[in-house]
Amino acid sequence: FDCTYAPMKHVGYKAVVSNISDICAMNGRATHILISLAIPNKYSVELISSLYDGIHLACKNYSVDLIGGDTTASPSSLIINATVLGVGDKKAIVCRSGASPTDLVIATGDLGAAYLGLQILEREKEIFEKNNHAQPPLDEYTYILERQLKPEPRVDIITWLRENNIIPSSMIDISDGLASEAIHLAKSSAVGIKIFEDRIPISAETDKTAQELRVDPSMCALYGGEDYELLFTLPIKYHKQLMGVSDMHIIGHVTSEKNVVELIKENG
C-alpha cells in the first residue's frame, strides 16, 4: 500500500477483508483474526489509531472477533500481518482440487476494476508530485477507486450457496487476476479450463476507464488482481439455478485436457 493515496483506515479495513476472502474461498465463515504490526517511529499514534478504526470496522461488518496479535518496531516500512481463523461444515469445505470435466466455471461480481483504480491513483500521484497544488478530479472514478481501496469479500455468495444447498466442486478467490486463479484450479484439479472472453464480467466504469487509459479491459480482468471476487466450479446440473442470479456469471467450463487453460476470443 502507498500512504500517499491510501488512507490508514482503508489500509486497516483491507488488511482484514482480504483475509476474510480466503476463508470464503473454502466455503467457510471467518470468526477470529489476529493483527501484528511492525511500526516505524515516523508513524504517529493518530495514524495507527486510524488504521485500527478500519480494522475494527471490517471486524464489525463481518462479525469477526479481533483476538490479539503483536506489536513491534520496524526500521523502515509499516508491516501489517493478519492471521484469520474460520469455521465450516466438514462436508462442505471446498478446496481447489475438486473440479471435474463438464463442470461450469463461475466468476462473481465484476473484474478488473481494482487494477484500474490503482492505475488512476498512481497517475494522480505522479501529477501531484510535479504540482502539489493539483486537485485530482476523482469523482468519475468512485467505483473503481473503492474497489482498490475498500474491497468487500463475497460473504453474500457463500451465504447464498449455503441457503440453496449448493457446494462448489472447487473454489478460489480472485486476488491475483482471473488467469492466475484459473490456472491454480486447473493444476490442483488436474483438469483443463476454457474461459470465453465475452463472458468475463466487466463493469461499465471499468470498460470506460480502460478505454481512457488505452488498455484492454479483458487484460485488466485476467491479470490485474485484487478484485476479491470468487472463481468456482459447479456440476452442470446447477445451470438452471444460476440463471436467475445476477451476480454469478458462467464464464466457461472444465475440460478433460489436463492443465490446459484456454481463453476463447470473441472471434473463436
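So, the lining of the largest pocket: by class, ten of its residues are nonpolar, four are polar and three are charged. Here Ala, Val, Leu, Ile, Met, Phe, Trp, Tyr, Cys and Pro count as nonpolar, Asp, Glu, Lys and Arg as charged, and the others, Gly among them, as polar. Keep in mind that this is a predicted model, where local features need pLDDT of at least 70, side-chain atom pairs count only at pLDDT 80 or more, and totals for chains, interfaces and linings use all residues. Residues are numbered from 1 along each chain as its sequence is written, and side-chain values use heavy atoms, with hydrogens and water left out.

Okay, what's a pocket? On a 1 Å grid over the protein atoms alone, we mean an open set of points where a 1.4 Å probe fits, with protein on both sides within 12 Å along at least five of seven lines; lining residues have an atom within 4 Å of a point.

Back to our largest pocket. Its lining has 17 residues, and Phe1, Val11, Lys14, Ala15 and Glu226 lie nearest the centre. Which helix gives the most to this lining? That's H1, with six residues. Helices (H or I, at least four residues) and strands (E, at least two) are DSSP runs, numbered from the N terminus. H1 (8-24), strand E3 (79-87) and helix H4 (142-149) each supply at least two lining residues.

Now the second largest pocket. Its lining divides into six nonpolar, four polar and three charged residues. Helix H5 (residues 155-163) brings the largest share, three residues.

Last stop: Tyr223, which sits in helix H8 (residues 217-223).
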